Amino acid sequence: MAYKYYKIINTTEFDSLSIPSIELTLNLEDVGEVTVMVTRGAGFGLLYNGVYLVAGLGDQNPFEFEGYACYISETFDLYLGILVDET
Amino acid sequence: MLNGIDPVIIFQFNKKIPNIADAIAKIPVVADIPTVVENSPIPIYLSEAITGILIDSEDLSVDIQTDTETKSDGKEPTVQQKGIASTVSINMEALKDNLNVVLLSTLAQLAFEKCSSQEYFVSYLHGSITIFRGQLTGFSINQNASSNKVMIKVELTKGSKQPQPKAETLTVPAIDGLPIN
């Protein structure tokens with residue numbers, strides 16, 4: 001399955017705010033203006049379109065669920081993945 | 001006293017927290033993150049018995065800009081209104097050696113330094129004339145050699161503050177496939 005990934009936030013910068021969550025309004029290429037909530041608990045997660053994704057959950061990175069994915073890179077950038085319709 | 005018998009003017013100064021503001025400067029924040037620490041309010045009772053400051057007169061005026069546009073077809077004119085300010089003007093008097101006048105003057109000068117950073121509020125309560133968390137628009141002390149009194153004038157308003165521009169929404173490019181750095 002192919003995803004398009006969008007960089008949401010750097011987790012180190014988010015960590016420095018010392019807040020549990022932050023809501024971001026971003027203009028994603030080919031998608032439009034969306035609202036994404038970034039959360040910090042045991043790991044970093046994204047709440048997008050009613051779907052909650054946690055990077056590294058069950059040792060899955062990227063973590064894929066219901067057409068979306070969440071990936072954290074080696075440089076600690078958090079990405080949102082949206083499944084590309086291959087039809 | 002706060003039950004309305006004696007008028008009271010309350011100064012409150014805040015301190016903006018610079019670190020968080022700098023940290024989120026590059027992030028389009030939608031959530032409301034508190035960035036201000038409020039200090040304790042400083043009340044000054046404008047009572048002759050308590051502080052020796054007597055209110056001579058006070059005025060409350062509400063200014064509304066009204067534009068009436070008449071129609072070329074003779075229909076009912078449209079009226080556009082815009083609020084300008086709601087201003088309270090207080091004239092006080094006290095003796096020249098009154099230390100509370102010095103305090104009032106010092107607080108007004110502190111408010112002057114913080115007016116651009118919006119790190120202060122002034123509240124005034126006297127019966128039907130009340131302003132909560134307003135701004136100081138004028139302060140003057142007048143004294144002359146022929147009298148042992150000083151005349152103090154304070155003007156407060158509850159006009160709209162400078163609106164904050166909405167942060168520009170960041171455009172994020174799409175990456176095909178897993179972004180491996």
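Trainee: Is A:Lys7 buried, partly exposed or exposed?
Mentor: Buried means under 20% relative accessible area, exposed over 50%, and partly exposed in between, with a 1.4 Å probe and protein chains only. A:Lys7 has 38% relative accessibility, so it counts as partly exposed. Before going on, note that this is a predicted model, in which local features need pLDDT of at least 70 and side-chain atom pairs count only at pLDDT 80 or more, while totals for chains, interfaces and linings use all residues. Residues are numbered from 1 along each chain as its sequence is written, chains are lettered from A and ligands numbered from 1 in the order in which they are written, and side-chain values use heavy atoms, with hydrogens and water left out.

Trainee: With which residue does A:Lys7 form a salt bridge?
Mentor: Side chains of opposite charge can pair when their charged atoms come close. The rule for a salt bridge asks for a side-chain nitrogen of Lys or Arg within 4 Å of a carboxyl oxygen of Asp or Glu. A:Lys7 meets this rule with A:Asp77, the closest N and O atoms being 3.5 Å apart. The pair links distant parts of the chain, 70 residues apart, with A:Lys7 in strand S1 (residues 3–10) and A:Asp77 in strand S8 (residues 77–83) of chain A. A:Asp77 has a relative accessible area of 9% and is therefore buried.

Trainee: How many salt bridges are found over all chains?
Mentor: The search of the whole structure finds six. One of them joins B:Glu93 to B:Lys149, with 3.2 Å between the closest N and O atoms. This pair, too, links distant parts of its chain, since B:Glu93 is in strand S5 (residues 78–95) and B:Lys149 in strand S8 (residues 149–157) of chain B, 56 residues apart. B:Glu93 is buried, with a relative accessible area of 16%, whereas B:Lys149, with 35%, is partly exposed. Another pairs the side chains of B:Glu119 and B:Lys114 at 3.8 Å, N to O; here B:Glu119 is buried at 8% relative accessibility, and B:Lys114 is buried with a relative accessible area of 18%.

Trainee: How many helices and strands are there in chain A?
Mentor: Helices (H or I, at least four residues) and strands (E, at least two) are DSSP runs, numbered from the N terminus. On that basis chain A has one helix and eight strands, following the pattern β-α-β-β-β-β-β-β-β along the sequence. Of its 87 residues, 47% count as buried.

Trainee: How many residues of chain B are in contact with chain A?
Mentor: Contact means heavy atoms within 4.5 Å. By that rule 20 residues of chain B are in contact with 26 residues of chain A. Buried area is the accessible area (1.4 Å probe) that two parts lose on being put together, summed over both; for chain B and chain A this is about 2,000 Å², 63% of it on carbon and sulfur atoms. Across this interface the rule finds zero salt bridges.
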